Amino acid sequence: MAQDQRGQHRSVARTSAVVAATERLAASCTDRLGRPLNVLDLGGGTGGVAVPLAVSGHRVTVVDPSPNALAALGDRARDAGVSSRVRGVQGDGDSLEAVLSGETFDLVCCHGTLEFVDDPAATLRATAAALEPGGLLSLIVAGRLAVVFAKAIAGEFAQARAAIVDPEGRWGGQDPLPRRFDLDRLTELLTTAGFTVEQARGAGILSHLVPASLIDSDGDRAALDELDDLLVSGPGREILGTLGSALHVIARRD
């Protein structure tokens, strides 16, 4: 897959709402441990999540396959004055054990990355090995059901059906994503890798259904984020929470 396609998808997992949710999770971990965290951001790209965490006082290691992204990460960290707390390492989920050399972390962020690795199960096992016992994983992946609804609403019924029945949740040969996940499959993978799922919710429940021409400002995006929050906290949340263009799962290493 072309790097720009990968980057476009990952930008969904780096919205202001996701960054805010990650900062809240890190803050709760800090309260529990009584110190700043050692954080791994797997596939962290240019630092959209990593740099805000470093600004909050945490140490962050970003593992990403793109040297260009890591160079931009360095620039971003310098501009924010947190270069001493941000480290970039070239690698990916398939080489995680080798590039980390046994280092362990309190929190791992894996946002918009599991879709692209060669072996999601192996990446989650390596992620578990990189976490301290009881450490947390913030995992964001593309949701299968969202693309089914989007394709059906667009009248592309054959592609909607394909996304349901395809083992990887793809709608066809031109689908830019190698795979999508539903919550059942994701929970099975995490459990097998040694995690316990603590929270799961949809992200971007409405944004992928609203025409881009109607989202003109940060205020519009904030309004959609608020609607998402209301949907996953109100009646029907068990169903609606799985319909996001992304699924955000918090899991604890057993």
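**Charge pairs**

Reply: Let's start in helix α4 (residues 67-80), where arginine 78 and aspartate 75 both sit, three residues apart, about one turn of the helix. Helices (H or I, at least four residues) and strands (E, at least two) are DSSP runs, numbered from the N terminus. This is a predicted model, in which local features need pLDDT of at least 70 and side-chain atom pairs count only at pLDDT 80 or more, while totals for chains, interfaces and linings use all residues. Residues are numbered from 1 along each chain as its sequence is written, and side-chain values use heavy atoms, with hydrogens and water left out.

Me: Got it. How do the side chains of arginine 78 and aspartate 75 meet?

Reply: They meet in a salt bridge, at 2.3 Å from N to O. The term means a side-chain nitrogen of Lys or Arg within 4 Å of a carboxyl oxygen of Asp or Glu.

Me: Why would side chains pair up like that?

Reply: Side chains of opposite charge can pair when their charged atoms come close.

Me: And arginine 78, buried or exposed?

Reply: Exposed, with a relative accessible area of 52%. The cut-offs are under 20% relative accessible area for buried, over 50% for exposed, and partly exposed in between (1.4 Å probe, protein chains only).

Me: How many salt bridges does the structure hold?

Reply: Eleven. One of them joins glutamate 198 and arginine 252, at 2.7 Å from N to O. That pair links distant parts of the chain: glutamate 198 is in strand β6 (residues 195-203) and arginine 252 is in strand β7 (residues 246-253), 54 residues apart. Both ends are partly exposed, glutamate 198 at 40% and arginine 252 at 24%.

Me: Which residues are linked in a network of salt bridges?

Reply: Glu168, Arg179 and Arg185.

Me: What does glutamate 156 pair with?

Reply: Lysine 151, in a salt bridge whose closest N and O atoms are 3.0 Å apart. Glutamate 156 is partly exposed at 33%, whereas lysine 151 is buried at 14%.

Me: OK, switching to helices. How do the axes of α7 and α8 cross?

Reply: The axes of α7 (residues 144-153) and α8 (residues 157-165) come within 7 Å and cross at roughly 165°. Axes are lines fitted to C-alpha atoms, for helices over the stretch in contact, and angles run from 0 to 180 degrees between N-to-C directions. The two helices are therefore roughly antiparallel. Under 35 degrees counts as roughly parallel, over 145 as roughly antiparallel, 65 to 115 as roughly perpendicular and the rest as oblique.

Me: Which residues in α7 and α8 meet?

Reply: Arg144, Val147, Val148, Lys151 and Ala152 in α7 meet Phe157, Gln159, Ala160, Ala163, Ile164 and Val165 in α8. Contact here is heavy atoms within 4.5 Å. By class, the α7 and α8 contact has eight nonpolar, one polar and two charged residues. Ala, Val, Leu, Ile, Met, Phe, Trp, Tyr, Cys and Pro count as nonpolar, Asp, Glu, Lys and Arg as charged, and the others, Gly among them, as polar.

Me: And how do the axes of α6 and α9 cross?

Reply: Helices α6 (residues 120-130) and α9 (residues 183-193) have axes that come within 9 Å and cross at roughly 45°. They are therefore oblique to each other. From α6, the contact uses Ala121, Leu124, Arg125 and Ala128, and from α9 it uses Leu189, Leu190 and Ala193. That makes six nonpolar, no polar and one charged residues in the α6 and α9 contact.

Me: New topic, then. Where does phenylalanine 181 lie?

Reply: Phenylalanine 181 is in the loop between α8 and α9, and at 0% relative accessibility it counts as buried. Setting aside neighbours within four places in sequence, its contacts include Leu114, Pro120, Val141, Leu186, Leu189 and Leu247.

Me: What about valine 51, buried or exposed?

Reply: Buried, at 6% relative accessibility. Valine 51 lies in helix α3 (residues 50-55). Beyond its neighbours within four places in sequence, valine 51 touches Leu73, Arg76, Ala77, Ala80 and Val82.

Me: Last one: what is the phi of serine 101?

Reply: Positive, about 50°, although serine 101 is not a glycine. Serine 101 is in the loop between α5 (96-100) and β4 (105-111) and counts as exposed at 64%.
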